[in-house]
Amino acid sequence: MSKQTLSFQAEVKQILHLVTHSLYSNKEIFLRELISNASDACDKLRFEALNNAALYEDAPNLEVRVAFDAEAKTITITDNGIGLSESEAVANLGTIAKSGTREFMAKLEGDQKKDANLIGQFGVGFYSGFIVADRITVESRRAGLKPEEGVRWTSEGAGDFEVETITRPERGTSVTLHLREGEDEFLAAWKLRSIIGKYSDHISLPILMRKEEWDSEAGKQKLTDEWAPVNKASALWARAKNDITKEQYEEFYKQISYDTEAPLAYTHNRVEGRSEYTQLLYIPAKAPFDLWNRDKRGGVKLYVKRVFIMDDAEALMPVYLRFVKGVIDSADLPLNVSRELLQESRDVKAIREGSTKRVLSMLESLADSEDSAEREKYARFWKDFGAVLKEGVGEDHANQERLAKLLRFASTQADEGVSLSEYVKRMKEGQEAIYYITADTLAAAKSSPQLEIFRKKGIEVLLLTDRVDEWMLAHLFEFDGKPLQSVAKGAVDLGKLQDEEEKKKTEEAAEAFKPLLEKLKEALKDRAKDVRVTTRLVDSPACLVVDEGDISGHLARLLKQAGQDAPKGKPILEVNAEHALVKRLDGSAQFDDLAHILFDQALLAEGGQLEDPAAYVRRVNALLTS
């Protein structure tokens, strides 16, 4: 038996230090990497055995075994896959970032390459063992070689490694990690099972561990000689849809989301083409408590060839769909070297775009369904998630039109559930714009004096009360060729809906009221940008509006509540020349007080707050006692 000492073919100290301290953010990933390598070795044997069945020797059932020895402080991962010859051990284990799997993939052609279920693409996964181990021993024999042609590879990761020939009757590889001080947490069956369940549960090969039983004399769990699988060895999403029941889909959702309720809807698809991936996506029935935390990572789990890579792969789903739960399993994705982070690429972009469109299609099928039960599902979805979906109008311009069709609002004709399409269908003949008003609450919107002329003429107005609405409207300017117009901005121009007699009457009132308007402008010069006769009030004495280019009072209040400075600006006071309170202004000895009362009442009516409530009370009291 010969023994030799060889040097690594790289600046190994620096590279292993990088692997151990920088490359991986989570220690437990070492087990995922080593199990993935073992799975790859079994897949390589399966492919080579297609042309040479003798490679199976006397062990046709492929498997991976994980064992630990608490006294020796070792963890051993064993597979009965293809194994390594001495030269392969030197070539593959002695050169960091040289992946035998990558070379094997390069040799496969055609359908074989398409079917190969191999994930070792970087050649550094093996060295992740040095995160927790100060010495690694590999014993292996390549399938087809004689027992005495086995190999043992040993290294402390400090600059060199030892290789020697050994006698190994069984085919395959055993990787033994001699744990560092302080890593005893991994010397527990429950810990190893939990890591396998998290990262390797869906690998198609059985992963076996020894069973435990209670030792009453020792007062602790004791390992038996019986081995049992600890992974499911089956991925639900990899199965044909016809083979999966609704109950199985729902149960899987509960497993990955920790939700107790069944999902509202789900979609399961396999996408083929330049980017190949499987997606199983769910829409929850209820909103989670942290839905409004935009920094919260998404709920989509990423797998590459059924090996878990990461939770919450936000790169695969836009932020406004952060409520979506599910799994995306890619045939191949560009990951960073540690296989923990996605690298931005055309493939990642294609998966994100495809998954986004699939979720929107799922929502459209609910919203536009002829089945009332399905439409009721969408109504439930909108109640919990509608405000979040609105974020997409400004963030996802490619799907803005589709998102606009999914929007639902309250209106002066219905308290909820009005779509823009329905609004357009109900528009009065001659109406050219979609009218809306924003407010803090539905009650405030409904009672706004700015709606009076629209109510009089039977024109429907959308009532927008979500905090995100003002931001959304900065990106949504029209729908179906109809511009969106705020009833609280600019002068009301009802176009064909306003007859000539009304226009003439308004013009005459403005001319007759001109001297009084000038006095009002002077009295309110510090508070109002302009004072003019209204075209929108019927019953109220006054209201506040802003110019088209200015931000609304509602948005200014939202910015202030968020701790941001709103752009400085003054509103326009519109007065109803036919109202008794406005008529009382003419010749009144308390003109200035009345003018300020009019302004303050208009501010309160739109949901604003008075800068000096005491002054308002004083003026009203003076008016009441005069």
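Colleague: Which backbone nitrogen does the side chain of Asn231 reach?

Modeller: That of Ile207, at 2.8 Å. Bear in mind that this is a predicted model.

Colleague: And which backbone oxygen does the Asn231 side chain reach?

Modeller: The oxygen of Leu205, at 2.9 Å.

Colleague: Where is Asn231 found?

Modeller: In the loop between strand E9 (220–229) and helix H7 (246–257).

Colleague: Is Asn231 buried or exposed?

Modeller: Buried, because its relative accessibility is 8% and the cut-off for buried is under 20%.

Colleague: What is Asn231 in contact with, leaving aside neighbours within four places in sequence?

Modeller: Ile196, Ser200, Asp201, Ile203, Leu205, Pro206 and Ile207. Leu205 is also the residue whose backbone oxygen the side chain reaches.

Colleague: New topic, the strands. How do E16 and E19 run?

Modeller: Parallel. Three bridges join E16 (residues 434–438) to E19 (residues 482–486).

Colleague: In what sense do E18 and E19 pair, parallel or antiparallel?

Modeller: Antiparallel, over two bridges. E18 covers residues 478–479. Phe479 has Lys482 in E19 as its bridge partner.

Colleague: How many residues sit between the strands in that hairpin of E18 and E19?

Modeller: Two. Asp480 in this hairpin takes a positive phi, near 55 degrees.

How values were computed:
Residues are numbered from 1 along each chain as its sequence is written. This is a predicted model: local features need pLDDT of at least 70, side-chain atom pairs count only at pLDDT 80 or more; totals for chains, interfaces and linings use all residues. Side-chain values use heavy atoms; hydrogens and water are left out. Two strands pair if DSSP finds at least two bridges between them. Helices (H or I, at least four residues) and strands (E, at least two) are DSSP runs, numbered from the N terminus. Buried means under 20% relative accessible area, exposed over 50%, partly exposed in between (1.4 Å probe, protein chains only). A polar contact is a pair of N or O atoms within 3.5 Å; within protein, one must be able to donate a hydrogen and the other to accept it, and residues adjacent in sequence count only if both atoms are side-chain atoms. Contact means heavy atoms within 4.5 Å.
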